[in-house]
Amino acid sequence: MNAVAPRISPVSALPSASELDRALRDASPAEVIAAALKTVGREKLALVSSFGTESATLLKVMADVDPAIPVVFLDTGWLFEETLAYRDTLIATLGLKDVRSIKPAEETLSRDDPDRDLWFSDPDACCRIRKVEPLSRALKPFSAWLNGRKRFQGNARADIPVVEDDGARLKFNPFANVTREELEAMFVRAKLPRHPLVASGFRSVGCMPCTSRTAEDEDSRAGRWRGRAKTECGIHTMKIS
Ligand code: SF4
């Protein structure tokens with residue numbers, strides 16, 4: 001794929017998301033990341049990763065382009081120990097130079113979730129204080145971010161463009177076009193370590209109370225917020241100002 005990266009622009013005059021999307025519509029993930037880097041510069045670009053079951057692939061592509069791109073990881077206070085260990089494994093394996101583990105504000109937790117049961121009574125509010133607000137703070141210094149959503153994941157992700165404007169900054173989706181088979185091939189080709197919970201039947205991993213195993217014939221994200229209408233935590237559906 002031979003996408004042409006848009007011209008370099010000063011941060012004050014970035015190309016529009018639609019202009020970038022047109023230029024990068026058929027680009028490879030590495031080409032999209034390289035174009036994002038060229039467009040805003042490393043100090044203004046962050047990758048947001050959950051260090052979940054598919055995260056190693058995007059992190060590997062990023063590390064091959066530039067391992068010093070800042071990586072934002074939301075440590076919600078409800079993650080599996082295995083996810084925290086996997087973060088450390090991938091930092092070492094891929095040589096990631098700048099992984100920032102972001103936690104929710106203590107005062108917000110004590111005020112809004114003193115008994116740690118908000119995930120049950122109001123999961124949208126729980127995601128807001130444990131994911132959306134911390135991400136909003138973490139992304140303040142950046143003009144653009146990268147994330148790992150794929151169209152094949154369906155629901156709200158089925159039609160994502162390669163580049164969009166989230167209302168506050170440019171948002172690059174380098175894996176928008178990637179298929180499940182291509183992801184699997186990347187794991188094998190690069191000998192990437194698997195998330196430790198994959199072996200016990202978890203195909204998508206988030207916070208402990210909101211993650212369950214999935215059957216082979218289920219969608220891979222079916223185990224997230226099982227039994228509720230909720231399919232997204234909000235970091236991709238709310239404005240991150
Ligand atoms: S995924 Fe569950 S536990 Fe995690 S922040 Fe959202 S509601 Fe809370």
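This is a predicted model: local features need pLDDT of at least 70, side-chain atom pairs count only at pLDDT 80 or more; totals for chains, interfaces and linings use all residues.
# A guided tour of pockets, cavities and a ligand

The largest pocket has a volume of about 280 Å³. Residues are numbered from 1 along each chain as its sequence is written, and side-chain values use heavy atoms, with hydrogens and water left out.

**Stop 1: the largest pocket**

Select Thr 53, Glu 54, Arg 180, Leu 183, Glu 184, Phe 187, Arg 194, Val 198, Phe 202, Arg 203, Glu 216 and Ser 220, which line the largest pocket. Here a pocket is an open set of points on a 1 Å grid over the protein atoms alone, with protein on both sides within 12 Å along at least five of seven lines, while a cavity is a set of points where a 1.4 Å probe fits but cannot get out; lining residues have an atom within 4 Å of a point. Grid points are joined across faces, edges and corners, and a volume is the space filled by probe spheres set on the points.

Now colour your selection by class. The lining of the largest pocket has 4 nonpolar, 2 polar and 6 charged residues. Ala, Val, Leu, Ile, Met, Phe, Trp, Tyr, Cys and Pro count as nonpolar, Asp, Glu, Lys and Arg as charged, and the others, Gly among them, as polar.

**Stop 2**

Leu 197 is found in the segment after H8; helices (H or I, at least four residues) and strands (E, at least two) are DSSP runs, numbered from the N terminus. With a relative accessible area of 7%, Leu 197 is buried. Buried means under 20% relative accessible area, exposed over 50%, and partly exposed in between (1.4 Å probe, protein chains only).

Ala 190 is also placed in the segment after H8. At 31% relative accessibility, Ala 190 counts as partly exposed.

**Stop 3: the largest cavity**

Rolling a probe the size of a water molecule over the atoms shows where empty space is left. How many cavities of 30 Å³ or more are there? The count comes to 2. The largest cavity has a volume of about 610 Å³. Of the 36 residues that line the largest cavity, select Ser 49, Ser 50, Ser 55, Arg 221 and Arg 224, which lie nearest its centre. Helix H3 (55-65) and strand S2 (71-74) each supply at least two residues of this lining. By class, the lining of the largest cavity has 12 nonpolar, 15 polar and 9 charged residues.

**Stop 4**

About 130 Å³ of space lies in the second largest cavity. It has 14 lining residues, and the closest to its centre are Cys 127, Lys 131, Cys 207, Cys 210 and Trp 225. The lining of the second largest cavity has 9 nonpolar, 2 polar and 3 charged residues, and H7 gives the largest share, 5 residues.

What takes up the second largest cavity? The ligand does; a molecule sits in a cavity or pocket if more than half of its atoms lie within 2 Å of its grid points. Select Trp 78, Trp 119, Pro 123, Cys 126, Cys 127, Arg 130, Lys 131, Cys 207, Cys 210 and Trp 225 to show the residues around the ligand, each with a heavy atom within 4 Å of it. Helix H7 (residues 123-138) gives the most to this shell, with 5 residues. The shell has 8 nonpolar, no polar and 2 charged residues.

**Stop 4: two backbone angles**

Most residues other than glycine have a negative phi. Phe 51 is not a glycine, yet has a positive phi of about 50°. Phe 51 lies in the loop between strand S1 (45-48) and H3, and counts as buried at 0% relative accessibility. Arg 116 has a positive phi of about 55° and lies in the loop between helix H5 (106-112) and helix H6 (118-121). Arg 116 is partly exposed, with a relative accessible area of 36%.

**Stop 5: a recorded site**

Finally, select Cys 233, which an unreviewed UniProt entry lists for "active site"; such annotations are given in the numbering used here, with feature names shortened, and may be inferred rather than shown by experiment. Cys 233 is in the segment after helix H8 (180-189). Is Cys 233 buried or exposed? At 9% relative accessibility, Cys 233 counts as buried.
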